[in-house]
Amino acid sequence: EARAALARHARTSAQALAWQRELLATERAGGAARSARSKLLSAQAALALARPADEACRAVALTEPLAKSLALKKTRLEAALQAWGVAAEDGVAEGVTAATFASASLYQEFGQALLKSQRPKKLSKAEREQYDVLLEEQAYPFEEKAIALHEANAARVRQGQWDEPVRQSLAALRTLRPARWAKAERRDEATGPAAQLNREAIALREQGKLPEARARWQQALAAEPGHAASVLNLGVLLDLYLDEPVAALAQYQRYLELTPGGDAQVGKWVAELKPRAAKGAAPARKEAT
């Protein structure tokens, strides 16, 4: 506790890092005396110690000669990922979610740096096109690693974790995999009880209170079984946050039944969800009933 306080009140970042480094080493050597509180302080110190390594990796621009700058950036990437891993070692929620988001973001930055890297001079048009294709192939695995880590963070909402890094991962996924993750609830500004319950459910979901949000949408549908916004929004909850694809698909299809004019966007959601629902192989059930 004393070292954590000294780190907070240090006059310079170097002094703060020195206290956090000492805190981390001392706490990790604590043996049976380690507690949930000491592990939290240790994780927070490890997060602070990882940030300079992360910044050092991001600071490397991929310029010609590419082999040299790329080797340096890869070395710093490995060092930063190792540092973030230390913060997650003890399974402290704050350390795990923050380290997961940071690692995913770093992989994403590395892939983008490859795509934006300086091109060799005097390439012909055909050679430039081929070079660009090769860079895209090199960048793709880094983006895939970023997506996998962000999705690991997103899955933690089912364990009741709803901190800033988890929300940041969900936001990143909306850009990285829009077909899967860029789905959002629909609001209904009507004055009826179902519309009011729908708004309350959205507010609860935004606070990470998923069971409570689910209960509100079920109440809305009990009051008005044909309330289209609640039908759809319950599907979004089941799809994105609770990982119940079969039940989510039933909600989306029910919503389309309630929308005679059709909804092209939700039609795309159905197309994206069907393969995942088929993998589930669990009996579908309509939450609205």
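Helix 5 (93-115) and helix 6 (125-154) pack at an angle of about 165 degrees, with their axes 8 Å apart. Because angles over 145 degrees count as roughly antiparallel, helix 5 is roughly antiparallel to helix 6. Here the axes are lines fitted to C-alpha atoms, for helices over the stretch in contact, and the angles run from 0 to 180 degrees between N-to-C directions. Helix 5 passes helix 6 in a left-handed crossing, a term used if the near helix is turned anticlockwise from the far one by less than a right angle.

The model is predicted, so that local features need pLDDT of at least 70 and side-chain atom pairs count only at pLDDT 80 or more, while totals for chains, interfaces and linings use all residues. Residues are numbered from 1 along each chain as its sequence is written, and side-chain values use heavy atoms, with hydrogens and water left out. Helices are DSSP runs (H or I, at least four residues), numbered from the N terminus.

**Helix 7**

Helix 7 comprises the 13 residues 164-176. The expected span of a helix is 1.5 Å times one less than its number of residues; for helix 7 this gives 18 Å, which agrees with the 18 Å between its end C-alpha atoms. Its buried residues (under 20% relative accessible area, 1.4 Å probe, protein chains only) are Pro165, Val166, Ser169, Leu170, Ala172, Leu173 and Leu176. These residues lie on the same side of helix 7, because they cover an arc of only 165 degrees around the axis, the arc being that of the directions from the helix axis to the C-beta atoms. They pack against helix 5, helix 6, helix 8 (178-181) and helix 11 (228-241), where contact means heavy atoms within 4.5 Å.

Leu70 lies in helix 4 (residues 66-88) and is buried, at a relative accessible area of 18%. Not counting residues up to four places away in sequence, Leu70 touches Leu62, Phe110 and Leu114. The C-alpha atoms of Leu70 and Val60 are separated by 8.4 Å, the two residues being 10 apart along the chain. Ser103, found in helix 5, counts as buried at 10% relative accessibility. Leaving aside neighbours within four places in sequence, Ser103 is in contact with Leu81, Trp84 and Leu149.

**Backbone features in loops**

Glu64 and Pro65 are joined by a cis peptide bond, with omega about 0 degrees. Pro65 is found in the loop between helix 3 (36-58) and helix 4. Two residues other than glycine with positive phi are tabulated below.

**Helix 11 and helix 13**

The axes of helix 11 and helix 13 (residues 264-280) come within 13 Å and cross at roughly 35 degrees. Helix 11 passes helix 13 in a left-handed crossing. On helix 11 the contact is made by Leu232, Val236 and Asp239, and on helix 13 by Val266, Trp269, Leu273 and Arg276.

Note on methods. Helices (H or I, at least four residues) and strands (E, at least two) are DSSP runs, numbered from the N terminus. Buried means under 20% relative accessible area, exposed over 50%, partly exposed in between (1.4 Å probe, protein chains only). Angles under 35 degrees count as roughly parallel, over 145 as roughly antiparallel, 65 to 115 as roughly perpendicular and the rest as oblique.
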